[in-house]
Amino acid sequence: MHLFWERILLAILILASVSWFVLKVTPKIRAILAGGPDRPRTDNPVARLKRTAKEVLLQSRVVGGRPVVGLLHAAVFLGFVAFAPETIEHFFNGFGLSLLEPLLGPALPLYRSLMLIVAVMVSAGIVGLAFRRFVLVKTSPDPRSWTSALVALFILVLMVTYLNGMRATPFAERINWWTHALVILAFPHLIIRSKHFHIFLAPLNIFFRSDRLGDYVKLDLEAIAESEVEDITLGLETMRTLPWKTRMDLLACVECRRCTDNCPAALAGTEMDPRAWVLAGRKALFSAKPEDPVIGTVIGEEALGYCATCGACENSCAVGVEHLQVLVGAKRAQALATGKGVVASDFLRAIESHGNALRLPKSDRKQMLAKLGMPRFTGEQDQWLLWLGCVWGFNADQQTAVAALKTTLDAAGVKYGVLDDEPCCGHHSRRQGEEAQFQDLARQSVQILHEKNVRQVVTPCPHCLHTIKREHIQFNGTQSIRAVHHSELLAELMAQGRLVPRVTDGSAKATYHDPCYLARYEGITEAPRMLLAKAGVALEEMPRRRERTLCCGGGAAGFVREITNEKRLDQARRAEIKASGATLLVTSCPQCRMMLSAAVDETRDIAEIVADSIRLAQAQSGLELKVEKGGPMFASTTYSAELAVKIKEVFEHEPQAEMQLLNLAGRTHFSGKLGELKHAADHLVETGELQEKHHGGGTYYHLGKTS
Ligand code: SF4
Ligand code: SF4
């Protein structure tokens, strides 16, 4: 029981601590609220809450990025949450009251026993974190941080005093009690003046974070053109224009350096250092004037020029900092407002003059299409628009990949066609801040897709995919259009049995490079691996893979920009590819292939691997079972009879085989409707030449005479 004067002292200290905290937190809240307008950030509240629970309570990003450190952090954080009732109880006890006794009743001893385990867990966690920060200095984000040292000490003291207080006869009981109380009262003040402020801001920041990487608000250029000069905001030009969420981001940063460690530009030794500019921005919130420029105050012009918008920084941040909003916002200011510092002006001019990044005449693409016999898109029912993108359309080195995709689509009987004139989708223009050029290109693309009555698009380029799928929607164009990557379509065709691969010889050691815009932005990592596995390619996986892939440097028009040799963004990835020991590099992005070619003996697109395995399948079967489409497809007797002969040939060649209809389509190079194939197969069942079996929800056929 505490003496009367102790209770009075405790009340004064609590009041002083809370008042001091409010005084210190007010300027930070003001700095956030002084921000410019932002996009809606409270839509889909349930999804936002779920994300917050996953990333805060389950610490998914913290643990996912750095498993060992992440688990230690999770132990400390969960202990922090679990100790909240005990902390309140401690102060209740100071006034001779109890919260937990009436609340938990007979369950209180059990709760206390659990808390003893939690206290040991937290102590181990904080000692581990301190060891990593102050002893393993090579991997430490900041070994000289005195606030981190003090926080570690405070947490340890809290745990030790708690454990001592729980003993039957605590050592120096009254001193122990007061030490515990004073450390708790001092804690918020340490938090407020250090990076540990993220304890309060991280959950809010994660809740308000955009739904997906690189979700850029469309600038209303028409409204801007009509508005008064002083109202115009073209990107993040001055400190005044930083939106409130960006300001919250800057304050929430926990200085962990994950963003910098994963940035290809930082790894290449350029001026880009995401953590450094986030911290510079935090400082500037309190020291810069509203009219100070963002470029130069938060991020340097040189550094900005190296950003490939790969998203690794944002994706690795555990407290919801949205780097890309600042990076692309600042690039918009360069391109649209100041006109200074634009690094990809050659690219932007190439798009103006030639309509493609490679500055090649349209006749080159036409010749390639003619040479490969590429079918044209006609708008026929079920037809896919094959959107080639500029690299496949113009780079002669990649014609083998175009031909390979053609082989696979033909083999699977897919109806597809390309456009005679394919506009640039605008992807890189937007990432270079040239929103006006992007909007023109996006409108052109959307108009063509509408005019041609396109319902489904397949493309080998993750950049085009991302823009057609996610950004052209801002132009009311493509909601109803299904857009997929070629690896997804090929995987789908294989799963349906319309493409039947065979294991290739597998002599080359292969590795797969996940393109940033495919893996990180679109989450497509499984389809290419499934295709490689089916083709018998065993992978030597690189440490940075899937969503954590390392950029090749091709983003934001990097694939056509001249960058000096000593600061090339692709060098770190090339080193990793070499270190994997692979002699074959497989990519699923034309731009990555351009950037990483010659990293090892051979670089190939995923479509080429699939095409090889299909050709091998044909060679192994010894049959060329091509059935050309002719006349009306559905229930055409001539066509059905021709098809029935081909089906019989397949089974006679492989008498033990049992095949599904879709699998049969692949074997016969069937190019018509599935109903036609069924018609022919049913006919063979009726005549007793085939037998039908149903299992696993599917219909299978096998040769009648063998069973
Ligand atoms: S987007 Fe990529 S290149 Fe740009 S700063 Fe982030 S990690 Fe670096
Ligand atoms: S921005 Fe995020 S990832 Fe980068 S140092 Fe800060 S908290 Fe870490």
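Four strands form an open sheet in the order S2-S1-S3-S4, with parallel pairing. Its edges are strand S2 (416-417) and strand S4 (482-485), each of which pairs on one side only. Strands pair here if DSSP finds at least two bridges between them. Helices (H or I, at least four residues) and strands (E, at least two) are DSSP runs, numbered from the N terminus. In general, the strands of a sheet pair through backbone hydrogen bonds, either parallel or antiparallel.

The model is predicted: local features need pLDDT of at least 70, side-chain atom pairs count only at pLDDT 80 or more, and totals for chains, interfaces and linings use all residues. Residues are numbered from 1 along each chain as its sequence is written, while chains are lettered from A and ligands numbered from 1 in the order in which they are written.

Strand S1 (residues 384-386) runs parallel to S2, and two bridges join them. Trp384 has Tyr416 as its bridge partner in S2. Helix H26 (residues 462-471) packs on the sheet and touches strand S3 (456-459) and S4. The direction of H26 makes about 160 degrees with that of S4. Helix H27 (residues 486-495) lies across S3 and S4. H27 runs at about 90 degrees to S4. Contact requires C-beta atoms, placed from the backbone, to lie within 7 Å. Axes are lines fitted to C-alpha atoms, for helices over the stretch in contact, and angles run from 0 to 180 degrees between N-to-C directions.

The chain as a whole has 35 helices and 10 strands. Its C-alpha atoms fill a box of roughly 105 × 70 × 45 Å, taken along the principal axes. Of its 707 residues, 42% count as buried. A residue is buried if 20 or more other C-beta atoms lie within 10 Å of its own, exposed if 12 or fewer, and partly exposed in between, with C-beta atoms placed from the backbone. Among contacts with a separation of 6 or more, 75% come from residues 24 or more positions apart.

Ligand 1 is surrounded by 15 residues, the closest being Cys263, Cys307, Cys310, Ala312 and Cys313. Helix H14 (264-267), helix H18 (312-316) and helix H19 (323-338) are the elements that give two or more residues to this shell. A residue belongs near a molecule if its C-beta atom, placed from the backbone, lies within 6 Å of it. The shell around ligand 1 holds 12 nonpolar residues, three polar and no charged. Ala, Val, Leu, Ile, Met, Phe, Trp, Tyr, Cys and Pro count as nonpolar, Asp, Glu, Lys and Arg as charged, and the others, Gly among them, as polar.

H19 has 16 residues. H19 reaches 21 Å from its first C-alpha to its last, close to the 22 Å expected at 1.5 Å a residue. The expected span is 1.5 Å times one less than the number of residues in the helix. Because 14 of its 16 residues are buried, H19 is largely enclosed by the rest of the structure. Gly339 follows H19 and has a positive phi, near 70 degrees.

Ligand 2 is surrounded by 14 residues. The closest are Cys253, Cys256, Cys259, Arg275 and Cys317. Helix H13 (258-261) and helix H15 (274-287) each give two or more residues to this shell. H15 supplies the largest share, three residues. The shell around ligand 2 divides into nine nonpolar residues, one polar and four charged.

Leu285 also sits in H15. Leu285 counts as buried because it has 21 C-beta neighbours inside 10 Å. Leaving out residues up to four places away in sequence, Leu285 touches Ala31, Arg247 and Leu250. Leu285 and Ile614 are 329 residues apart in sequence and 59 Å apart in space, C-alpha to C-alpha.

Most residues other than glycine have a negative phi. Ala172 has a positive phi, near 45 degrees. This residue lies in the loop between helix H8 (146-165) and helix H9 (173-192). Ala172 has 11 C-beta neighbours inside 10 Å, so it counts as exposed. Asn453 has a positive phi of about 60 degrees. Its loop runs between helix H25 (435-451) and S3. Asn453 counts as partly exposed, with 13 C-beta neighbours inside 10 Å.

Terms used. Two residues are in contact if their C-beta atoms, placed from the backbone, lie within 7 Å.
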